[in-house]
Amino acid sequence: MNSGKDLIREKLNDYYAQIFEEELIEDIVNNSFIRNIKSGQLLLDIGDSMTHIPLILSGAVKIIREDKNGDEIALYFLERGDTCAISFINCINRSKSMFRGLTEKDTEGVFIPVEKVDEWLIKYETWRHFIIDSYHMRLIEMVESIDSLAFMKLDDRLLKYLTDKVKIMQSNTLIITHQEIADDINTSRVVVSRLLKQLENEGKIQIRRNRIIIDNI
């Protein structure tokens, strides 16, 4: 049976061997731990102190921002090969998380302590590029979220949300309530229900109890 380190090494090599040099992978193996989080569980919450950042091995995590009134909006998703570079900035500044991370499906990640995250920026060029690229991607995704709020009609935002969700979940059957969709795109459940019914009448989706089947989007 593999030891804990052997298991981490095997899982890292399955994806990250093409990104990181062998020395960095060994450093990660020696300074991290694997965590499995069930679907619908918190990976991190607003106000949490950041002690580790994850490298996502499998699954999906929804990153959420909440305003002072408690209204939420989904900003972007983390998938296999991703890390939350915004959390990395919180780590460097030793500040508390401004975001909530909620697993969309069962998720596995390798968690790296803050002090190593910072140290490896100087030590490993591949790590530096990975963090910069990750931060760039997350920034683009946040800008797209802002643009959709500011410029897209609500029905277009809903279509984009459903399309993105299908890609993330890798299934055309989404187990989700109208209220969850409303929370994610920052509108009311009544409006979401009306727009979904319109899409169903157009033959694009089928609505079931707590389930939406995507037929033609």
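Predicted model: local features only at pLDDT ≥ 70, side-chain atom pairs only at ≥ 80, totals over all residues.

Me: What makes arginine 80 and aspartate 14 a salt bridge?

Reply: The closest N and O atoms of the two are 2.7 Å apart. The cut-off is within 4 Å, so the pair qualifies. A search of the whole structure finds 16 salt bridges.

Me: Why is this pair said to tie together parts of the chain?

Reply: Arginine 80 lies in the loop between strand E4 (72-78) and helix H3 (85-93), while aspartate 14 belongs to helix H1 (residues 4-15), so the pair joins parts that are 66 residues apart in sequence.

Me: Why is aspartate 14 called exposed, and what is arginine 80 called?

Reply: Aspartate 14 has a relative accessible area of 58%, and exposed means over 50%. Arginine 80, with 39%, is partly exposed.

Me: Why does glutamate 200 count as partly exposed?

Reply: Its relative accessibility is 21%. Buried means under 20%, so that value falls into the partly exposed class. Lysine 197, at 43%, is partly exposed as well.

Me: How do you know that tyrosine 15 and tyrosine 16 are an aromatic pair, and why is the pair called edge-to-face?

Reply: Nine aromatic pairs turn up in a search of the whole structure. The ring centres of tyrosine 15 and tyrosine 16 are 5.0 Å apart and their planes stand at 75 degrees. Pairing needs centres within 6.5 Å and edge-to-face needs planes over 60 degrees apart, so both labels hold.

Me: Why is tyrosine 16 called buried?

Reply: Its relative accessibility is 0%, and buried means under 20%. Tyrosine 15, in contrast, is partly exposed at 29%.

Me: What makes tyrosine 16 and phenylalanine 130 edge-to-face?

Reply: Their ring centres are 6.2 Å apart and their planes are at 85 degrees, so the pair is edge-to-face. Tyrosine 16 is in the loop between H1 and helix H2 (22-31) and phenylalanine 130 is in helix H5 (residues 125-151), so this pair ties together parts 114 residues apart in sequence. Both residues are buried.

Note on methods. Residues numbered from 1 in each chain as written. Heavy atoms only, no water. Salt bridge = Lys/Arg side-chain N within 4 Å of Asp/Glu carboxyl O. Helix = DSSP H or I, 4+ residues; strand = E, 2+ residues; numbered from the N terminus. Buried < 20%, exposed > 50% of the residue type's maximum accessible area, 1.4 Å probe, protein only. Phe/Tyr/Trp six-rings, centres within 6.5 Å; stacked < 30°, edge-to-face > 60°.
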